[in-house]
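Dear colleague,

I am passing on a structure that you have not worked with before, and below it you will find an account of what turned up when it was examined.

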Amino acid sequence: MTTTPTPGFATRAVHVGQEPDATTGDVVPPLHVASTHAQDGVETLRHGYEYGRGANPTRDAFQRALADLEGGGAAFAFPSGMSAEDTLVRVLTRPGDHVAFGDDVYGGTYRLFTVVRPAEGLRATPVDPGDVDAVAATVAGEGSRLVWVETPSNPLLEVFDIAALAEVAHRAGALLVVDNTFASPYLQHPLALGADVVVHSTTKYVGGHSDLIGGAVVVAAGLHLPARPGGADLGWTGTGDVAAELRFLQSAIGAVQSPRDAHLAHRGLKTLAVRMERHSASALALAEHLRDHPAVRAVHYPGLAEDPGHDLAARQMRASGGVLSFEVADADHARRVAESTRVFSLAVSLGAAESLIEYPPVMTHAVKQGARWELPAGIVRLSVGLEDVEDLIADIDVALEAAGAVGE
Ligand SMILES: *Cc1c(COP(=O)(O)O)cnc(C)c1O
């Protein structure tokens with residue numbers, strides 16, 4: 001007897017949520033732009049669709065595909081990564097609750113936890129996710145409800161142990177949220193490693209073409225709100241079911257991705273495997289080239305065998321992804337390198353076909369200045385795109401030369 005194997009990642013990325021249209025046979029389902037749906041009778045919806053803020057067929061298809069690729073029970077598509085994060089935090093915490101978050105999370109996430117949500121009573125403490133014992137101490141001492149980490153981190157590409165952090169969180173009755181934006185579901189499956197929730201800025205690798213802003217939350221199947229001292233936390237829905245809570249709050253506050261952007265994000269998923277392979281291979285080639293470059297003091301990329309995160313990355317990631325950073329002598333040199341490339345565009349963001357270069361201390365990480373955690377002054381971050389790697393290497397070499405970083 002022949003059994004059909006479970007389809008692999010790339011097969012599911014192409015087909016889940018993309019079944020040919022029942023009426024026309026379109027191999028790409030039509031884009032559903034309608035804001036409202038005709039009903040067959042009062043309280044008789046057609047296929048459950050009523051009004052676009054609640055549910056939309058194009059958004060649903062993308063959410064099904066993303067949930068499948070992350071190995072989650074449900075996914076929710078948001079108009080931005082930040083709205084996804086904010087909605088998730090509102091579902092999982094109440095005023096007075098505590099969050100232990102990685103001290104090198106994305107700048108917007110850092111601001112959410114240090115400026116925005118504390119104004120509404122949330123308590124939050126930055127922790128070094130590389131020091132699992134210290135995380136455990138904070139979580140126990142503060143009675144944290146959430147541990148929130150990003151791996152690999154930005155812009156130093158540190159890798160953190162998702163399984164160990166999940167254990168620390170669960171032992172204390174907290175949940176672990178992992179921002180999987182840098183790895184994408186192709187390179188890393190946080191839920192399989194024990195995380196409870198995954199968040200994405202789909203603006204980056206999922207969309208993959210710098211032509212949309214979007215976010216997503218993926219929830220482990222069957223996840224419930226952790227109990228509170230008084231007993232079960234049943235949330236707004238009376239069920240305590242985290243997916244139901246997210247569905248309720250997303251619709252209640254209207255933080256939904258537009259059908260057009262959901263369609264683009266879904267299209268991005270179909271090429272994600274191929275793109276991540278190429279991004280990772282080119283980033284490794286660039287990292288190896290820069291490591292041997294006389295003007296470069298350090299390269300941060302877990303794909304390099306000597307990188308401190310290499311072994312852990314080899315265990316929990318399929319490859320090391322398309323972002324790397326390197327250090328030149330000082331801030332002036334770093335700024336000039338970032339301004340001297342021709343193939344790499346000087347721009348924030350990452351994860352797309354076109355290569356991008358930036359100077360993190362002022363362009364993406366200014367929100368953290370003065371924090372315990374300081375960036376090296378000479379740091380430059382690259383998002384390695386899909387161009388020919390020879391052209392990318394030549395471009396960086398010319399920029400290092402033009403910046404006067406060579407020969408000092
Ligand atoms: C960009 C980014 C975000 C925020 O997403 P937006 O789509 O810009 O709102 C969150 N986390 C990480 C790791 C990011 O790179």
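**What was found**

With 7% relative accessibility, Arg145 counts as buried. Please keep in mind that this is a predicted model.

Arg145 forms a salt bridge with Asp97, and the closest N and O atoms of the two are 3.8 Å apart. This pair links distant parts of the chain, since Asp97 sits in the loop between helix 3 and strand 2 (98–102), while Arg145 sits in the loop between helix 5 and strand 4 (146–150), 48 residues apart. Asp97 also counts as buried, at 11% relative accessibility.

Asp97 has a further salt bridge, with Arg228, where the side chains meet at 2.7 Å, N to O. Arg228 lies in the loop between strand 7 (215–219) and helix 8 (242–253), and Asp97 in the loop between helix 3 and strand 2, so this pair ties together parts that are 131 residues apart in sequence. Arg228 itself is partly exposed, with a relative accessible area of 24%.

Salt bridges that share partners also join Asp86, Arg90, Arg117 and Glu120 into one network. Asp86 is buried, with a relative accessible area of 16%, whereas Arg90 counts as partly exposed at 28%. The count of salt bridges comes to 16.

Turning to the chain as a whole, the protein has 14 helices and twelve strands. The radius of gyration is 22 Å, close to the 22 Å that the globule rule gives for 408 residues, so the chain is as compact as a globular protein of that length. Its C-alpha trace spans about 75 × 55 × 50 Å along the principal axes, and 52% of the 408 residues count as buried.

There are also surface patches to look at. Asp128, Asp131, Asp133 and Glu158 form a negative surface patch; of these, Asp133 has its place in helix 5 (residues 132–142) and is exposed, with a relative accessible area of 63%. A nonpolar surface patch of about 300 Å² is made by Leu346, Val348, Val362 and Met363, and in it Val362, which lies in helix 13 (residues 360–363), is partly exposed at a relative accessible area of 41%.

Key: Residues are numbered from 1 along each chain as its sequence is written. This is a predicted model: local features need pLDDT of at least 70, side-chain atom pairs count only at pLDDT 80 or more; totals for chains, interfaces and linings use all residues. Side-chain values use heavy atoms; hydrogens and water are left out. Patches are made of residues with over 30% relative accessible area and no salt bridge: like charges are joined within 9 Å, nonpolar side chains (Val, Leu, Ile, Met, Phe, Trp, Tyr) within 5 Å. Accessible areas come from the Shrake-Rupley method with a 1.4 Å probe; for residues, only the protein chains shown count as cover. A salt bridge is a side-chain nitrogen of Lys or Arg within 4 Å of a carboxyl oxygen of Asp or Glu. Lys and Arg count as positive and Asp and Glu as negative; His and the chain ends are not counted. The place of a charge is taken as NZ of Lys, CZ of Arg, CG of Asp or CD of Glu. Helices (H or I, at least four residues) and strands (E, at least two) are DSSP runs, numbered from the N terminus. Buried means under 20% relative accessible area, exposed over 50%, partly exposed in between (1.4 Å probe, protein chains only). The radius of gyration is taken over C-alpha atoms; the globule rule is 2.2 Å times the number of residues to the power 0.38.
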